[in-house]
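The following note sets out points on aromatic pairing, helix packing and individual residues. It is meant to be read beside the coordinates.

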Amino acid sequence: MSEELTLEERKVIYRARRGLKEIDVYFDPYVKQYYLEASAQEKALFKELVDQEDPDLLDWFMEVSEPPRPELRSLINKLKDYVHG
C-alpha cells in the first residue's frame, strides 16, 4: 500500500485490524488483496461493516444472527468465499 491512499481508505484499513482472530481471518486478506481495487460502493459497504462492534460481527460471520441489511450479508459471504474458496 502506498502514499496514494486517501485519508478515508487509511482509516478503514486501520479500523479493519481488530486483534480478534475470528474477524481478522476475513478482514486481513480482503484488505491486502481486494479493498483498494473495490468499487466505491463496496468500499463504503466495507467501511460500514468495519464500523460495527465485534460481538455483532462475530454473530454475523458465524451465522448466529443476520446483519441489518442484506448488502452486508452479501459482503460477509464474499469475504468468507475469499478465505474458504
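1. A residue counts as exposed when its relative accessible area is over 50%, as buried when that area is under 20%, and as partly exposed in between. Glu 63, at 53% relative accessibility, is therefore classed as exposed. The model under discussion is a predicted one.

2. Glu 63 lies in the loop that runs between α4 and α5. Its backbone deserves a remark. Most residues other than glycine have a negative phi. Glu 63 is not a glycine, yet its phi is positive, at about 60°.

3. Is Lys 80 buried or exposed? Lys 80 has a relative accessibility of 14%, and because the limit for a buried residue is under 20%, this lysine counts as buried.

4. The aromatic residues form the next topic. A pair of aromatic rings is described by the distance of the centres and the angle of the planes. The count of aromatic pairs comes to nine. One of them joins Phe 27 and Phe 61, with 6.1 Å from centre to centre and 75° between the planes, an edge-to-face arrangement. Phe 27 belongs to helix α2 (residues 21-33) and Phe 61 to helix α4 (residues 54-61), so that the pair links distant parts of the chain, 34 residues apart. Both partners are buried: Phe 27 has 0% relative accessibility, and Phe 61 has a relative accessible area of 3%.

5. Tyr 34 and Tyr 82 form a stacked pair, with ring centres 3.7 Å apart and 10° between the planes. Which parts of the chain does this pair tie together? Tyr 34 sits in the loop between α2 and α3 (40-50), whereas Tyr 82 is in helix α5 (residues 70-84), so the pair ties together parts that are 48 residues apart in sequence. Tyr 34 is partly exposed, at a relative accessible area of 29%, and for Tyr 82 the value is 29%, again partly exposed.

6. Both of these pairs belong to a cluster that ring pairs build from Tyr 26, Phe 27, Tyr 30, Tyr 34, Tyr 35, Phe 46, Phe 61 and Tyr 82. One ring of this cluster, that of Tyr 35, has Lys 43 over its face, at 5.5 Å from the ring centre.

7. Helix packing is considered next. Two packed helices are described by the angle between their axes and the distance between the axes. Helices α3 and α5 pack at an angle of about 95°, and their axes are 10 Å apart. Because 65 to 115 degrees counts as roughly perpendicular, that term applies to α3 and α5. From α3 the contact draws on Glu 42, Leu 45, Phe 46, Glu 48 and Leu 49; from α5 it draws on Glu 71, Leu 72, Leu 75, Ile 76, Lys 78 and Leu 79. By class, the contact contains seven nonpolar and four charged residues, and no polar ones.

8. Leu 72 of helix α5 is one of the residues in that contact. It is buried, with a relative accessible area of 0%. Not counting residues up to four places away in sequence, Leu 72 touches Leu 45, Glu 48, Leu 49 and Pro 67. Between Leu 72 and Leu 58 the separation is 14 residues in sequence and 13 Å in space, C-alpha to C-alpha.

Methods
Residues are numbered from 1 along each chain as its sequence is written. This is a predicted model: local features need pLDDT of at least 70, side-chain atom pairs count only at pLDDT 80 or more; totals for chains, interfaces and linings use all residues. Side-chain values use heavy atoms; hydrogens and water are left out. Rings of Phe, Tyr and Trp (its six-membered ring) pair if their centres lie within 6.5 Å; planes under 30 degrees apart count as stacked, over 60 as edge-to-face and the rest as tilted. Helices (H or I, at least four residues) and strands (E, at least two) are DSSP runs, numbered from the N terminus. Buried means under 20% relative accessible area, exposed over 50%, partly exposed in between (1.4 Å probe, protein chains only). A charge sits over a ring if NZ of Lys or CZ of Arg is within 6 Å of the ring centre and within 35 degrees of the ring normal. Axes are lines fitted to C-alpha atoms, for helices over the stretch in contact, and angles run from 0 to 180 degrees between N-to-C directions. Angles under 35 degrees count as roughly parallel, over 145 as roughly antiparallel, 65 to 115 as roughly perpendicular and the rest as oblique. Contact means heavy atoms within 4.5 Å. Ala, Val, Leu, Ile, Met, Phe, Trp, Tyr, Cys and Pro count as nonpolar, Asp, Glu, Lys and Arg as charged, and the others, Gly among them, as polar.
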